[in-house]
Amino acid sequence: MENSSVRFPANHQLRAGMVGVGMIFDETYRPFLEAVHRRPFFHPAYGSCQVALAGIASRTGKRAEAYQQVAHEKVAPFAILKEPNAIDQLLDIGVDFVCIATPDNRHFSAARAALAAGKHVLIEKPSVLSLQELDELVELARREKVLAKIVYHKLLDPDHKKLQTFVADGELCHVNNGYCNLLEPKAISGGQFSEWIEGRNPGTYVAVHYIKLIDFTFGGKLKTVSCTGQRGLVGAHDGPTWDSTQLRLVYEYESGREAAFDIHTSWVTPDNFPGWVEQEVQFRFDNGVWNGHSRRRGVECTIEGKTPLDIKITLNNHYSGTFLEPWGDRSHRGYGVEAIERFAHEVAMVEYGGDEADRDARLDEIRQLDYNELAADRQVVAAIEAMETILARRAEGIEDCIVRVNDKQGGLVLHTPGSAEAEVLYGPTV
Ligand SMILES: NC(=O)c1ccc[n+]([C@@H]2O[C@H](COP(=O)([O-])OP(=O)(O)OC[C@H]3O[C@@H](n4cnc5c(N)ncnc54)[C@H](O)[C@@H]3O)[C@@H](O)[C@H]2O)c1
């Protein structure tokens, strides 16, 4: 049975370090680490490989200690490293890769420290908040010959894989425009994320999923970014903290034709909403329309006293769910977990997938995988940096700014209505 502990040694082992142990740790990293502890993963190129959680770097150590209480033999014994210098302590205990799941604006410093120490890195979305930060991390990864990857698990959603397949095969031709919605419950802004919410917005937190889906699936050159938003629930109506945002991206394709995408996000949806999050897209092509609803995939369940608060009415059983398998095992699986597994496989390919002399060639090959490669995240980070700047200006009282990408003055240029002066946010080409 799958739940029994390992009875044979793995050929190889990778030691994992975790930075930040919040909601996403519980939903994806933890099920991956517990599953791989029971059963190493295999590939003909390297045989078997086990991943051991070596340590967790956490601000206060409280949530890591709570996990240690219940982890028992589900993972190998692991160290807990607390602030100050939690990340340096984690690097000192010896790890092969580091996963960074701290709040959005705290990814960069941990990623820089891990890459500079020569560790492979996996960063939660959004990777970083500026192109300057991205450049620094990409350069470090190149210098240290390690992977710098990002978790974009929506690209592994089977529905989005089908969309990618239709586009790649030319079944759906030239996207003209589309919309995406991702609405998070109040529990995120008022509870789980409330400690880090000051000055933040739901666009960076979740629109980034769809920015990546659009950028990766349709390609093209990002041309302009504009954004509006609303305040007054999570913070003051004229402050820097946003309840909801509406982002518009314009892309241009090789044909010279354009497409526009509107991405609406919020984190103030009532907690008694029938699903955990509302997720919907529509893309209109020359020859077709793609409608996707990630919440209403067909299941609707009512349980007295439980739905819709403890258990949701519309369940997403594809992202991260606990299941009784038909053969009797209990599992925790989904594309959220698969994204972490795939990164571990990519690290194993680099380190153990052939002769040491060919390591650089394997590294280059895995770096070509744009779906999770930090160096391929330029347009996504450009959109995030532009959105963050437009919202910050709005909080300062400057309305309706727009950012143009790769215009005559620079890579990322902020234009303010009524002003002849443009502000170059990033000089080099995006
Ligand atoms: N891939 C996804 O779909 C998905 C979903 C949710 C969250 N996320 C991302 O994951 C990240 C974490 O989100 P979450 O929902 O788990 O948040 P969370 O608030 O539940 O957890 C954040 C954790 O980071 C810790 N932390 C904060 N500052 C730290 C520091 N300097 N060093 C070490 N630990 C620190 C906190 O103590 C907390 O344990 C965010 O970037 C978020 O955007 C991704």
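This note goes through the predicted model point by point.

1. Basis. Residues are numbered from 1 along each chain as its sequence is written. The model is predicted: local features need pLDDT of at least 70, side-chain atom pairs count only at pLDDT 80 or more, and totals for chains, interfaces and linings use all residues.

2. Domains. The domain assignment, which is automatic or taken from a database, gives domain 1 (12–152 + 329–374) and domain 2 (158–318). Their C-alpha centres lie 26 Å apart. Eleven residues from domain 1 and ten residues from domain 2 make the contact; two residues are in contact if their C-beta atoms, placed from the backbone, lie within 7 Å. On the side of domain 1 that touches domain 2 there are seven nonpolar residues, one polar and three charged. Here Ala, Val, Leu, Ile, Met, Phe, Trp, Tyr, Cys and Pro count as nonpolar, Asp, Glu, Lys and Arg as charged, and the others, Gly among them, as polar.

3. Helix 1. Helices (H or I, at least four residues) and strands (E, at least two) are DSSP runs, numbered from the N terminus. Helix 1 covers residues 23–38 and reaches 22 Å from its first C-alpha to its last, close to the expected 22 Å; the expected span is 1.5 Å times one less than the number of residues. A kink of about 40° lies at tyrosine 29, shortly before proline 31. The bend at a residue is the angle between axes fitted to the seven residues ending there and the seven starting there. Among the buried residues of helix 1 are Phe25, Tyr29, Pro31 and Val36. A residue is buried if 20 or more other C-beta atoms lie within 10 Å of its own, exposed if 12 or fewer, and partly exposed in between, with C-beta atoms placed from the backbone. The partners against which the buried residues of helix 1 pack include strand 3 (47–58) and helix 9 (335–352).

4. Helix 8. Helix 8 (residues 202–218) bends by about 40° at valine 208. Because 17 of its 17 residues are buried, helix 8 is largely enclosed by the rest of the structure. Glycine 219 follows helix 8 and has a positive phi, near 65°.

5. Strand 8. Eight of the eleven residues of strand 8 (residues 175–185) are buried, so this strand is largely enclosed too. Strand 8 pairs with strand 12 (residues 278–285) in the antiparallel sense over eight bridges; two strands pair if DSSP finds at least two bridges between them. Glycine 178 has phenylalanine 283 as its bridge partner in strand 12. Strand 8 and strand 11 (residues 258–269) run parallel and are joined by eight bridges, and leucine 183 has serine 266 as its partner in strand 11.

6. Backbone points to check. Most residues other than glycine have a negative phi, and most peptide bonds are trans. The bond from glutamate 83 to proline 84 is cis, with omega near 5°; proline 84 lies in the loop between strand 4 (79–82) and helix 3 (86–92). Threonine 307 and proline 308 are also joined by a cis peptide bond, with omega about 5°. Histidine 72 is not a glycine, yet its phi is positive, about 40°. Histidine 72 counts as exposed because it has 8 C-beta neighbours inside 10 Å. Aspartate 400 has a positive phi of about 60° and is found in the loop between helix 11 (378–395) and strand 16 (402–407).
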